[in-house]
Amino acid sequence: MKNEKTFITAAGVIIGLIAAALVYFGNPANMGFCIACFLRDTSGALGLHSAAAVQYIRPEIIGLVLGSCIISLVTREFAPRGGSAPVTRFILGFFVMIGCLMFLGCPFRMILRLAGGDLNALFGIVGFAAGIAAGVFFLNRGYTLKRSYKMQQLEGFVFPTVQIVFLVLLVAAPAFIHFTEADGGPGAKHAAIAISLAAGVIVGILAQRTRLCMVGGIRDAILFHETKLLFGFIAILVSACIGNIILGAVTGNAYFTLGMAGQPIAHTDALWNALGMLLAGFGCVLLGGCPLRQLILAGEGNTDSVMAVIGLMVGAAFCHNFGLASSGEGPSANGKIAVIIGIIVVTVIAAVNSRRQEA
């Protein structure tokens, strides 16, 4: 157990430093890694939404999936499975994304925002923990989406292959792929493709080996009093924070700015920051992992996680097509309604699937 905690902590340190470095190399501030934001950008590049400011095929996502796939093949953990309530998982992924885009970031970016001095993330953490606690409440009452089933090897390779296709499209940049124009918004800010892809592969390998999950750490602490995953969570925060401070001192640019107002790609509405992450945390517990974990499992051949990722991408497109996503000015009225609907829908899903089985 001691060695396992050390490995998880070391992985967290490396991931935090990579996230800070990605901002230095061109990614948006406090967004070295954000699964929700990067899936949203990819959705836009593929034409699923028309928000010109957030359109770019993010190599980090491709790298995460391929890194997980490669290491799981090496360790013989690649095991295609699926068939566990795929439509429900799609819906959960859809509403998790609505919660993330209310907050303007996934659980991963929540930690990175705090590491950059954004105190608005504290309200997100409170809501996130509350959402996880709600999910644990239903886990303790028998919540399950039933078993998954072994599938053919070929089925497990479909999603990683799709990521390779996305990489080809990114490099070739055909006319039908949409990219944010220079200085046109967050989508125009990105590290070089090779750097982003390498970062994604490294993080994918580390996350696969450690089972790192932003939801799992808090969930396991509540359910089993097991804190090992929290060490990775804390290590990312500390190392990214130190990396930001060092980068600021060396370059003279503001990589760490303590406060709430004026933070990059963030708003100061505490209530809706909390409620957005409450929805995200609640939905992620029911899915069995955060967006990062879903991508890692998808790389291992888990088609149930692929359905969750597709739900995340469609949710991102829906948010930008119908004005649900927040902006630096704050949440939209449509977004607030969507988050409330999401909390209701996720609660119903949890309740319906929590009937205890007869002995």
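This is a predicted model: local features need pLDDT of at least 70, side-chain atom pairs count only at pLDDT 80 or more; totals for chains, interfaces and linings use all residues.
Me: Why is tyrosine 24 called partly exposed?

Reply: Buried means under 20% relative accessible area, exposed means over 50%, and partly exposed lies in between (1.4 Å probe, protein chains only). Tyrosine 24 has 43% relative accessibility and therefore counts as partly exposed.

Me: What does tyrosine 24 touch, not counting residues up to four places away in sequence?

Reply: Tyrosine 24 touches Leu247, Thr251 and Tyr255; contact means heavy atoms within 4.5 Å.

Me: Why is the protein chain said to be as compact as a globular protein of its length?

Reply: The chain has 14 helices and 2 strands, which are DSSP runs numbered from the N terminus (helices H or I, at least four residues; strands E, at least two). Its radius of gyration is 19 Å, close to the 21 Å of the globule rule for 359 residues, so the chain is as compact as a globular protein of that length. The radius is taken over C-alpha atoms, and the rule is 2.2 Å times the number of residues to the power 0.38.

Me: Why are the buried residues of H14 said to line one face of the helix?

Reply: The buried residues of H14 are Gly335, Ala338, Val339, Gly342, Ile343, Val346, Ile349 and Ala350. Seen down the axis of H14, they fall within an arc of 140°, so they line one face; the arc is that of the directions from the axis to the C-beta atoms. The face turned away from this side carries the exposed residues Ala333, Ile337 and Ile344.

Me: What makes a set of residues a nonpolar core?

Reply: The residues must be buried Ala, Val, Leu, Ile, Met, Phe, Trp, Tyr or Cys, joined through side-chain atoms within 4.5 Å. The largest nonpolar core has 85 residues, and those with the most contacts inside it are Phe33, Ile35, Leu64, Ile98 and Phe108. H11 gives the most to this core, with 11 residues. A second, separate core of 10 residues includes Ala45, Ile57, Leu66 and Leu169.

Technical notes:
Residues are numbered from 1 along each chain as its sequence is written. Side-chain values use heavy atoms; hydrogens and water are left out.
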